[in-house]
Amino acid sequence: MTGLNDKKLELALEINDLTVSYKDKPVLWDIDLEIPQGALVGIVGPNGAGKTTLIKSILGLLKPVAGSAKILGLEIDQGIKKIAYVPQRGSVDWDFPATVFDVVQMGTYGKLGWLRRPGSKEKKLTKDALEKVGMLELAHRQISQLSGGQQQRVFLARALVQHAEIYLMDEPFQGVDSTTEQSIVELLRELRNQGATALVVHHDLQTVKDYFDWVVLLNVRKIAAGPVSEVFTETNLKLAFGSRVSLGE
Amino acid sequence: MTQAQLEIQLLAMATAVACSLCGVFLVLRRMSLLSDAISHTVLIGIVIAFFLTGDMTSPWLLVGATTAGVFTVLLVEGLQKTGVVREDAAIGLVFPALFSIAVLLISIYSKNVHLDMDAVLVGKIALTPLPSRRLEFGGYDFGPKSLALMIAIIIVNIGFIILFFKELKVSTFDPAFSKAIGFNPYWIHLGLVLSVSTTAVASFDAVGSILVVALMAAPAATAYLFTDKLSIMLVWSCIIGMLCAVLGYWLAHFLDASIAGSMATVAGILFGLTFFFAPERGLFSVWQRAKIRDRKFKLALLLVHLTHHEGTIRELEECNIESLHLHLRWDEYETRSVAFEAVESFCASQENKVLKLTPKGRIIALESLQIGTNLS
């Protein structure tokens with residue numbers, strides 16, 4: 001009984017006094033943030049607010065100058081196994097000689113570890129993920145021949161293969177068609193309903209209320225974080241974006 | 001073909017294959033320039049190891065050279081990390097510095113050293129079959145020493161690629177993701193640098209320091225233009241490498257020229273041919289596709305123009321086949337040809353020199369407008 005309670009109390013992410021800087025210019029200033037399990041979280045803020053930096057610090061890709069992050073109560077090097085990461089689509093070279101299947105199968109590599117090669121179990125997982133994002137027919141297509149939306153689906157499938165507890169996604173809606181955007185949102189809800197947590201860097205303020213339960217407003221410092229209904233207010237948005245932005249309500 | 005000719009060709013092929021294997025990852029990681037640096041700076045390792053051992057055939061030369069290669073990469077990366085110089089400048093600074101020290105050392109002590117500048121630049125593959133350079137064991141002749149060494153390097157390279165294939169793939173395609181799933185790209189990078197350094201040293205003897213980079217970059221870059229899977233790119237890169245070796249050898253034979261130089265020339269020619277004629281990514285096919293796309297867009301533009309003026313007073317003027325080009329500001333000949341295509345494909349019909357939309361043309365025009373609006 002207590003074990004179950006403990007699990008409920010465990011935070012998906014616990015970030016304490018996290019400061020990341022480029023030389024002496026802080027990109028994130030002393031961030032304290034607690035994300036509960038099972039939340040769909042939008043990370044919102046102006047350009048240069050440190051949204052990508054926050055995600056990369058949680059993943060241990062950037063070294064903070066101060067503070068720490070814990071994943072499901074674990075230090076980063078342990079907790080990272082519970083995370084699936086969806087980088088920005090533009091961060092890789094899509095002319096790389098690989099098929100859709102190849103890229104999605106990379107999601108199985110983490111659990112395999114060094115030296116072991118993917119076998120029939122991994123192939124099955126890969127196919128399942130491709131089916132979920134509606135890309136099974138394109139499995140053998142070269143990745144340079146994909147549209148932006150299809151590339152994003154490939155990245156999403158690569159994350160789904162990992163069957164992670166936490167999903168960190170960097171602008172998955174950037175430059176995708178509206179059908180893809182809707183199906184990504186559907187998948188995110190499905191993951192959330194299965195108990196997973198997702199943090200999504202998001203740009204479109206209009207859709208925050210529809211897509212997310214939680215929102216983190218960021219502008220180098222944490223402006224606010226909490227359930228969308230409490231935190232996503234005109235006042236907070238002005239603090240994050242300056243006075244020009246409004247919800248248009 | 002004599003046995004000597006066969007042995008030279010075998011060594012050329014082996015060298016090309018060893019280089020092509022590393023080359024695939026260098027090209028994909030945009031590190032070709034670094035291989036150029038490594039292939040030059042290994043010389044200082046060879047020279048220093050030679051001074052310490054006094055033996056030109058000592059295996060320590062290989063160790064010294066590999067160390068020098070790794071040292072080069074660390075030095076380049078160290079310089080880069082200071083933030084004072086960028087990567088290209090760092091490479092441009094480190095490699096001439098180390099290379100020139102080696103060249104100075106050779107020229108000062110060249111009287112008693114069997115290292116001469118020609119051999120350093122283009123290698124001495126033609127000397128391969130000489131009796132002094134053979135691997136003999138228990139009275140048997142196992143062929144040229146350098147061939148045995150090169151085959152060993154190929155086995156090591158293939159072993160490295162097979163063992164770490166998935167790690168090489170993921171860290172080359174997406175380094176950040178690779179690190180996030182527990183494969184630190186740095187270790188793979190270091191493994192690759194080691195493999196490039198050893199290969200460069202071993203190839204150095206055969207083709208010299210300048211041409212190593214040609215054999216690393218050209219076959220891989222050629223294979224890249226027409227393959228869409230990493231494993232297939234590796235295989236093709238090796239095949240192209242071997243082709244360069246054999247064709248290069250015979251080119252040299254007929255021109256009575258440097259073998260290594262001819263190999264690199266063939267590599268360049270093969271790349272050039274592929275660059276122009278590759279089915280998907282070749283320049284001609286890219287042009288062709290652009291032309292077709294351009295033509296299709298022009299047709300859509302014409303149809304949209306017709307919808308805008310359909311039934312208006314200006315229709316007679318705006319949609320007149322003889323003055324159309326004045327309104328669209330297109331070339332007259334091209335306008336005629338696009339209009340002709342519109343009529344041919346039943347998108348428009350011509351009535352007294354005025355173009356009229358057909359139902360099919362109207363649908364296409366409306367669809368084009370839709371796409372145009374979505375994009376904005």
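A salt bridge is a side-chain nitrogen of Lys or Arg within 4 Å of a carboxyl oxygen of Asp or Glu. Across all chains, the whole structure holds 18 of them. This is a predicted model, in which local features need pLDDT of at least 70 and side-chain atom pairs count only at pLDDT 80 or more, while totals for chains, interfaces and linings use all residues. Residues are numbered from 1 along each chain as its sequence is written, chains are lettered from A and ligands numbered from 1 in the order in which they are written, and side-chain values use heavy atoms, without hydrogens and water.

Start with chain B. B:Lys166 and B:Glu167 join their side chains in a salt bridge of 3.0 Å, N to O. B:Lys166 is buried at 5% relative accessibility, and B:Glu167 is buried at 0%. Buried means under 20% relative accessible area, exposed over 50%, and partly exposed in between (1.4 Å probe, protein chains only).

Next, take B:Glu341 and B:Arg295. Their closest N and O atoms are 2.9 Å apart in a salt bridge. This pair links distant parts of the chain, 46 residues apart: B:Glu341 sits in helix 15 (residues 332-344) of chain B, and B:Arg295 in helix 12 of chain B. Helices are DSSP runs of H or I with at least four residues, numbered from the N terminus. B:Glu341 is partly exposed at 30%, and B:Arg295 is partly exposed at 27%.

B:Arg289 and B:Glu280 form another salt bridge, at 3.8 Å, N to O. B:Arg289 is partly exposed at 39%, as is B:Glu280 at 46%.

Finally, look at both chains. A network of salt bridges links A:Asp102, B:Lys169 and B:Lys229.

Terms used
Helix = DSSP H or I, 4+ residues; strand = E, 2+ residues; numbered from the N terminus.
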